[in-house]
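Me: I am new to this structure and would like to learn how to read it. Please take me through it one feature at a time.

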Amino acid sequence: MAAAWVPWRWGWGAVSSRPLRGLSASLARKAPRACWLPACRQKTSLSFLNRPDLPSLAYKKLKGKSPGIIFIPGYLSHMNGTKALAVEEFCKSLGHSYIRFDYSGVGDSDGNLKECTVGKWRKDVLSVIDDIAEGPQILVGSSLGGWLMLHAAVARPQKVVALVGVATAADGLVTQFHALPVEVQKEIELKGEWSLPSEYSEEGFYRIQYSFIKEAEHHCLLHSPIPVTCPVRLLHGMKDDIIPWHTSLHVADRVVSPDVDVILRKHSDHRMKEKADIQLLVYTIDDLIDKLSTLGH
Ligand SMILES: *[C@@H]1O[C@H](CO)[C@@H](O)[C@H](O)[C@H]1NC(C)=O
């Protein structure tokens, strides 16, 4: 698979030669010198954010220019996923600051997964923004991370300057739960646990506590206007069988920002980790960086 990581195949050359870009920007954006072999990605060590009374968070930070980019992973995903690493290589090539992290209870962060809630993970994202990131930030949220990025943009409007959602799972598990027949919902309530089939889980399903769903209901956003005013880009695969692509349209409709684009990819699935998906993701970030620089961020 090494060939898939050869930079020219991803078209970085095309990124730096697009006509819209200013001269100084194109000079600043040379082809990446980063190491593209998988083995090289394991080199740098983890950092930890210690928080009083809250689990320590594992993270990796790449220093660089503003705006910084923060990757917010999906449900049970960690900082070493395909998209998180690809965005890091992209940020490295542009010299922009980049942070990826593990939620509490996931990866190398502390905390007990069984006690984790959407509210706690939301707090994790705010800790990363408040205590690790410096200056304006573009948030890239994947799936559940897309839901949390919306919360972060509402809570930190000064610091969050743009959002990129990948298969944004706003209200995700809650919507899925309420789509179940009432008898099934009742059964799950009695059992206290929901076995949600998933091809992405080793067991073949995720065990989700009923209490997790109940807590998550407090963080639902799609029932009223979402006070996010920054540029928002929502990428979604039409073959997504976890979070229907209509969810991204719903988010677009709900955010009050006038600058919202939804990009649907007909043949992409929930993970959006094929080469063309990743290319679209980094182009989208690149465009936002350009846009923000002309806006004076
Ligand atoms: C992610 O990669 C780092 C090395 O770059 C490693 O220390 C860490 O344990 C990895 N995390 C997971 C969850 O695999």
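Me: What is the mean pLDDT of the protein?

Reply: This is a predicted model. Where pLDDT is low, the predicted coordinates should not be taken in detail. Here the mean pLDDT is 88, and 85% of the residues reach 70 or more. Residues 1–42 have pLDDT below 50; beyond near neighbours in sequence, this stretch has 53 contacts in the model.

Me: At what angle do the axes of helix 5 and helix 9 cross?

Reply: A pair of packed helices is described by the angle between the axes and by the distance between them. For helix 5 (residues 118–132) and helix 9 (residues 210–217), the axes come within 8 Å and cross at roughly 60 degrees. Helix 5 is therefore oblique to helix 9.

Me: Which residues make the contact?

Reply: Helix 5 contributes Val-118, Gly-119 and Trp-121, while helix 9 contributes Phe-212, Glu-215 and Ala-216. By class, the contact of helix 5 with helix 9 has four nonpolar residues, one polar and one charged.

Me: What is the volume of the largest pocket, and what lines it?

Reply: Rolling a probe the size of a water molecule over the atoms shows where empty space is left. The largest pocket has a volume of about 770 Å³. Its lining has 31 residues, of which Gly-74, Tyr-75, Ser-77, Tyr-200 and Tyr-206 lie nearest the centre. By class, the lining has 16 nonpolar, eleven polar and four charged residues. Helix 4, helix 6, helix 7, strand 7 and strand 8 each supply at least two of the lining residues.

Me: Where is the cis peptide bond between Ser-66 and Pro-67, and what is its omega?

Reply: The cis bond joins Ser-66 to Pro-67, with omega about -5 degrees. Pro-67 lies in strand 3 (residues 65–72).

Me: What is phi of Asp-53, and where is this residue placed?

Reply: Phi of Asp-53 is near 65 degrees, a positive value in a residue other than glycine. Asp-53 is in the loop between strand 1 (47–51) and strand 2 (54–62).

Definitions and conventions:
Residues numbered from 1 in each chain as written. Predicted model: local features only at pLDDT ≥ 70, side-chain atom pairs only at ≥ 80, totals over all residues. Heavy atoms only, no water. Axes fitted to C-alpha atoms, helices over the stretch in contact; angles between N-to-C directions. Helix = DSSP H or I, 4+ residues; strand = E, 2+ residues; numbered from the N terminus. Parallel < 35°, antiparallel > 145°, perpendicular 65-115°, else oblique. Contact = heavy atoms within 4.5 Å. Nonpolar A, V, L, I, M, F, W, Y, C, P; charged D, E, K, R; others polar. pLDDT = per-residue confidence, 0-100. 1 Å grid on protein atoms, 1.4 Å probe; cavity = no way out; pocket = protein on both sides within 12 Å on 5 of 7 lines; lining within 4 Å. Points joined across faces, edges and corners; volume = space filled by probe spheres on them.
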